[in-house]
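Good morning, and thank you for coming. I would like to present one structure, beginning with the ligand and its surroundings and ending with a loop.

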Amino acid sequence: MNTMVLTKTADDISSMRVRGAGRIARTAAAALQEYGASLDSKTLAEFITEMEKAAVILRGTRPTAVSLPNAIRHVMRGVQKAETLVEAQRALHDCATEFIRDSHAAVDKIADITARQIPDDAVIMTHCNSQAAIAGIIRAHEQGKVREVYATEVRPRNQGYLTIQALSDAGISVSFIVDSAARMFMPKVDQVITGTDAIMSNGAVVNKIGTSQIALCAHEARKPFIVAAETYKFAPRTILGERIPIEWRSAEEVIGSERVLPANVTVKNPAFDVTPPAYVDLIVTEIGAFAPSYAPFIIRDHLGWNISEFQKDYTYSYY
Ligand code: RI2
C-alpha cells in the first residue's frame, strides 16, 4: 500500500505546488490510480473502503475547485459499481486514464472554440493563471489575431508571473499590471478571458479573487467577459442550492512571515470570489460556447445529473 502518493499529492495540492483547477483534478485522478494499483486488498469491500478513504483525503485539499470532486467521482464511479475485485481495480485504472485523457483534450478543444470568439487585432485581459484561458489566447495568437494581452499580477500568490511567462514564451506582447489597475486599462481592451474553478447551476462563476471586480469593470465598459471552462468545472449539487465553499488561505500569503501587524489588525485572504451570471457574457466549454443561463442544462444533459443521481448516497462529498 503506497500511502506516500496520497500524502504527497494532498500536500502538493493544499500547498499549491500543484495548482490550477484542471491540473488539480488530473493530479488527483493519477494519485488515486497509483494508490489503487498499490493496494493488496483481498476483497472487493476492502478495496472500495480503502479507495473511498483515499478519495476523502484528496477531496479535502482544495475546497473550491469543483474539478477536484468531479474528477474523484469520475474515477470512483466504476469502483462503486463493480461486482468483483478485479473489475473494481480495472475500472479504477480505466476511469482515471479516461479522465486525464479527456481533460487534456477538453483544454485543446476549448482553445479552438475560445480562439473563434477572439476578433482580429484583439487586445485581451486575463486574470490569474488558467490553462484553459491561456490556451485559447495562444491559439488565437497562432492565428494572428492577438495584438496584446493585459495580465494581472494576482495578489497574493502572484500567479500572474506564470501567465506572463507562458504568453511571452508564445511570442505574445504582454502588459503586466497590478490587479487594481484593471479598470484603468479596460477601455483599451476588447475582451476579458479567464478560467474558472467552479460554475454554479445559475451560471455564476467562481474564480480567483479579483475576477468579479474585473467582470464588473468589463460590464461597465461593455466589453465581453468570457470564461474558459471544462465541463467538469460545473457544480451539479448547486442545483440543489448547495453553495461552493470559498477557500480562505493564510495571512502569511498576504503579509509574509516576518511582518508583525499592529494590534486589532486581521488579515482576510479569500482565494476566490463569485461573479454573477449577469456579468458573464459567454462560457466556452469543450462541447461548445454557451450563455451562463445554459449551465443547468450542461449539468443535466452533458454531466448526466438527473434527479436519481442526486438521490444516491456517496461516502465522500462532491458537488
Ligand atoms: P485552469 C486557479 O486557481 C485560478 O483561479 C484559475 O483561474 C483556475 O484555477 C482555473 O485554472 P488556483 O489553483 O484549470 O491558482 O483553467 O488557486 O488551469
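This is a predicted model: local features need pLDDT of at least 70, side-chain atom pairs count only at pLDDT 80 or more; totals for chains, interfaces and linings use all residues.

**The ligand and its shell**

For Gly22, a backbone N or O atom is 2.7 Å from an oxygen atom of the ligand. A side chain takes part as well, with a polar atom of Gln159 placed 3.0 Å from a ligand oxygen atom.

How much of the ligand's accessible area does the protein cover? On its own the ligand has 450 Å² of accessible area, and the protein covers 100% of that. The space taken by the ligand is also the largest cavity.

Which residues come nearest to the ligand? They are Arg62, Ser130, Asp197, Asn207 and Lys233, out of 19 residues around the ligand. Sorted by class, this shell has nine polar, five charged and five nonpolar residues. At least two shell residues are supplied by each of helix H2 (21-38), helix H6 (131-142) and strand E6 (205-208). Turning to domains, domain 1 (4-106) and domain 2 (108-305) each contribute at least three residues to the shell.

Finally, I turn to the backbone of one loop. Between strand E2 (146-152) and helix H7 (160-169) runs the loop that holds Pro156. The peptide bond joining Arg155 and Pro156 is cis, with omega about 0°. Val154 also lies in the loop between E2 and H7. Although Val154 is not a glycine, its phi is positive, at about 70°.

How values were computed. Residues are numbered from 1 along each chain as its sequence is written. Side-chain values use heavy atoms; hydrogens and water are left out. A residue is near a molecule or strand if one of its heavy atoms lies within 4 Å of it. A polar contact is a pair of N or O atoms within 3.5 Å; within protein, one must be able to donate a hydrogen and the other to accept it, and residues adjacent in sequence count only if both atoms are side-chain atoms. Accessible areas come from the Shrake-Rupley method with a 1.4 Å probe; for residues, only the protein chains shown count as cover. On a 1 Å grid over the protein atoms alone, a cavity is a set of points where a 1.4 Å probe fits but cannot get out, and a pocket is an open set with protein on both sides within 12 Å along at least five of seven lines; lining residues have an atom within 4 Å of a point. A molecule sits in a cavity or pocket if more than half of its atoms lie within 2 Å of its grid points. Helices (H or I, at least four residues) and strands (E, at least two) are DSSP runs, numbered from the N terminus. Ala, Val, Leu, Ile, Met, Phe, Trp, Tyr, Cys and Pro count as nonpolar, Asp, Glu, Lys and Arg as charged, and the others, Gly among them, as polar. Domain bounds come from an automatic or database domain assignment.
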